[in-house]
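Good morning, and thank you for coming.

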Amino acid sequence: MFDALKERLDGIFKNLRSKGKLTEEDVALALREVRRALLEADVHYKVVKDLVERIRERAVGRDVLDSITPSQQVVTIVFEELRDLMGRDVVPLVISPKPPTHYMLVGLQGSGKTTSCVKIARRLLKGHKPLVVACDHQRPAAVEQLRVLAAQAKVAFFGPEPGEKDPVGVAERALRFAADRLHDVILFDTAGRLHVDEPLMEELQAMKALLSPHEILLVVDGMTGQEAVNVASAFNERLGLTGVVLTKLDGDARGGSALAIRSVTGVPIKMAGVGEHLEDMEPFDGGRMVQRILGMGDVQGLMERVHLAAVGGEMEKMAESLKKNRFTMEDLLTQIQQVSKMGPLDKVMEMLPLPDNLKQLRGAEMDPKRLRHVEAIILSMTPAERRNPDIIKGSRRRRIALGSGTSVQMVNQVLKQHAQMKELWKRFGKGGKRGFKMPKLF
Ligand code: GDP
């Protein structure tokens, strides 16, 4: 799921990152693309409009455009806004302190209601004694399906007598059955229809009146796009939903419903169905979902580290020096120290949104031992040498190697690297502040 959206956003952000310093027009252009990508992913247009407006307000603020990592910050803002849209925290299913707990599962036919009922009950086996109750009396096949799935999951089952047609009556008997056998969580699988209709709603309201459920969970097929939002609104108006179970997130759905249900209805998505097997059900985690969409590692964690590393003004000092088109050994040292401050390098790499193979590659290049050697080499230089490395010839190189406990060969490498970096800075530094972009050291 979300593959298309992910691909689009990847492209947009890659483009942003290549720019370094951003203008308002850059942000506006990127947001137009984000808007289009979300609409194509089937997110409700009103949700998209509000979302993009909020992102724009935050992203064109002076702080972002003038910061050292503007594009990264815009990506972070998009991330935070999408995460807020889907729900920042995992909202767990309610377990009443006074058993029994009643769950009513409602939803259209084919949404995955029966399967989800057993999947959730199965998760409750640890620590509880759940009972699933078949109340879908329109379709005998649905009762049979629940019975079979429950047996597979080793969950207790209660169903209607042959020919019994009154779901409320069955629910009443189920309550007595559960009380006798000390079931503490009772899950009612209700009737499904192809469309929302009046008789169904009346039946569900009657059941709600009888059961006073702790959770009324709407099961929604994640592949149904915008329609999912309309269905959720209709059920919510009549029944007052407490949560949504979004199914089939393992499919290739465009996923827009997941992004919109919560903001349109205000009902949290609590569980996610991620496959056909009975163990394929997990608590819904909006943050993780957005990370997946944006192809990010722990973006927020990384941002915090970047902010932390940037305090003290060293980066600003360096930027000043770079504006004058100089890149001294001291600047190189500052860069190394900034990178080190972000924390253990493998952790930093882990948090970067890189493909696995690239991660290994970069991790190797950023070997912390090597960074320490480079640091030692620069510290062994005299201030004059640091400012003007061109004077570092044979005997100076030997002295520095000795002083830093490295080799002449390594000193040569650092000098070469510095020369390359300087060349890069020169190129990027041209065009003054606006065109300034920080090249990557390692
Ligand atoms: P109901 O009519 O709402 O009770 O829907 P069912 O529980 O019968 O599910 C309809 C179909 O969707 C079945 O074939 C299920 O195996 C399948 N299904 C349900 N949840 C998921 C899911 O999370 N992932 C996948 N791939 N299939 C699911």
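What pLDDT does the protein chain average? The protein chain averages 81, and 78% of the residues score at least 70; pLDDT is the predictor's confidence in each residue, from 0 to 100. This is a predicted model, in which local features need pLDDT of at least 70 and side-chain atom pairs count only at pLDDT 80 or more, while totals for chains, interfaces and linings use all residues. Residues are numbered from 1 along each chain as its sequence is written. The model's ipTM is 0.98 and its pTM is 0.66.

Let us turn to the fold. The protein chain contains 22 helices and eight strands; these are DSSP runs, numbered from the N terminus, with helices being H or I of at least four residues and strands being E of at least two. Of the 442 residues in the protein chain, 39% are buried, meaning that 20 or more other C-beta atoms, placed from the backbone, lie within 10 Å of the residue's own.

Next comes the ligand. Which residues are the closest to the ligand? They are Gly112, Lys113, Thr114, Thr115 and Gly273, among 19 residues that surround the ligand, each having its C-beta atom, placed from the backbone, within 6 Å of it. Helix α6, residues 113–124, gives the most to this shell, with three residues. By class, the shell has 13 polar, five charged and one nonpolar; Asp, Glu, Lys and Arg count as charged, Ala, Val, Leu, Ile, Met, Phe, Trp, Tyr, Cys and Pro as nonpolar, and the others, Gly among them, as polar.

Methods. A residue is buried if 20 or more other C-beta atoms lie within 10 Å of its own, exposed if 12 or fewer, and partly exposed in between; C-beta atoms are placed from the backbone.
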